[in-house]
Amino acid sequence: MPADSEDPNADVQYHLEVAPEDVADTVLLPGNPERLEKIVAHWDDHEIRAHHREYRTATGSYEGTPISVTSTGIGSPSAAIAVEELARVGTDTFIRVGSCGALQPEMEVGDLVITTGGVRQEGTSDEYVREDYPAVADHEVVSALVAAAERLGYDYHTGVTMSADSFYAGQGRSGYDGFEAASSEDLVDQLVEANVKNIEMEASAILTLANLYGLRGGAVCTVYADRDGGEFRTKGESRAAETATLATHLLAKMDEAKREAGVDRWHAGLSLDLEDV
């Protein structure tokens, strides 16, 4: 089947232009294609496997664990395409790696936010399932991301993420010429009151699709914008990438421990010696 086929069952995927041999079981999902180089810098080796539109894919290894990265572009529609086509070629774990705006006063620029669940303010996941279906991160992915952040010594927060379809009006920012969307002036305050940790644009769709398909999904973002204090800086840009890379290795070790114990899910009765991984 040629690479430009629109057949969704083709081996080579229409948008990503990847085949089963091109990707690992776990794929990191940044938005910006340029962030790919910052991610693979933490790996032991890598090879670019495809680049089509906003989708750029590389596969390599870290401490003997196969790992891939595919950029998704901005927003949930293109992120959902990436999840769909990667799932078709065998990927079973998806970790969004990105940047976000922090909402809670104790959070600072450069901190990490590890998503446990998502507010589905984006519209893409509504195309798949009823609006009251929850966007929940896989507990194994969350555990691996927390363990990685702890081992690396990075400040992190866990909690609920809001995913929006708009960088400006949808996140309570002014649009062109001072345009204010309906209820935008109260949006941030409402999210803070609800203990939502951060805002970004892809996580809830990724988590929703992963759950619908029985796959693992998670997200880790570096705080660029402090919506409480009004600060915006690209500090700690590589922290999310490094954390997700180590988490991928830890997930592989967790999966190995599950196989040895004859269980399907990771639980507190199983343990990893982090000094050995």
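Buried means under 20% relative accessible area, exposed over 50%, and partly exposed in between, with a 1.4 Å probe and protein chains only. This is a predicted model, in which local features need pLDDT of at least 70, side-chain atom pairs count only at pLDDT 80 or more, and totals for chains, interfaces and linings use all residues. Residues are numbered from 1 along each chain as its sequence is written, and side-chain values use heavy atoms, with hydrogens and water left out.

**Stop 1: helix α3**

Select residues 139–152, helix α3. Helices (H or I, at least four residues) and strands (E, at least two) are DSSP runs, numbered from the N terminus. Colour E140, V141, V142, A144, L145, A148 and A149: these residues of α3 are buried. Next, show what covers them: β5, β6, β8 (156–163), β10 (216–226) and α6 are included. Contact here means heavy atoms within 4.5 Å.

From first C-alpha to last, the 14 residues of α3 reach 20 Å, close to the 20 Å expected at 1.5 Å a residue. The expected span is 1.5 Å times one less than the number of residues.

Now look at both ends. D138 caps the N-terminal end, with a side-chain oxygen 2.9 Å from the backbone nitrogen of E140. After α3 comes G153, with a positive phi near 80°.

**Stop 2**

Select residues 65–70, strand β4. Because 5 of its 6 residues are buried, β4 is largely enclosed by the rest of the structure. Two strands pair if DSSP finds at least two bridges between them.

Find L28, which stands opposite V69 in β4. T57 stands opposite T70 here. Move to the hairpin of β3 and β4, with 2 residues between the strands; there E63 takes a positive phi near 50°.

**Stop 3: the nonpolar cores**

A nonpolar core is a set of buried Ala, Val, Leu, Ile, Met, Phe, Trp, Tyr and Cys residues joined through side-chain atoms within 4.5 Å. The largest has 34 residues. Select L28, V69, I95, V97, L145 and V220, which have the most contacts inside it. α1 (35–40), β3, β4, β5 (93–102), β6 (112–120), α3 and α6 (239–261) each supply at least two residues of this core. The largest share, 9 residues, comes from α6.

Centre on V97. Leaving aside neighbours within four places in sequence, its contacts include L28, R35, I39, V220 and A244. Then look for the second, separate core of 18 residues, with A79, V83, V89 and L209 among them.

**Stop 4: two cysteines**

A disulfide is a pair of cysteine sulfur atoms within 2.5 Å. The whole structure has 0 disulfides. Select C100: its nearest cysteine sulfur, that of C221, is 4.9 Å away. C100 is buried, at 6% relative accessible area. C221 is also buried, at 1%.

**Stop 5: S76**

Finish at S76, in helix α2 (residues 76–88). Is S76 buried or exposed? S76 counts as buried because its relative accessibility is 0%. A polar atom of the S76 side chain lies 2.9 Å from the backbone oxygen of M201. A polar contact is a pair of N or O atoms within 3.5 Å; within protein, one must be able to donate a hydrogen and the other to accept it, and residues adjacent in sequence count only if both atoms are side-chain atoms. Not counting residues up to four places away in sequence, S76 touches E122, T124, D165, M201, E202 and A205.
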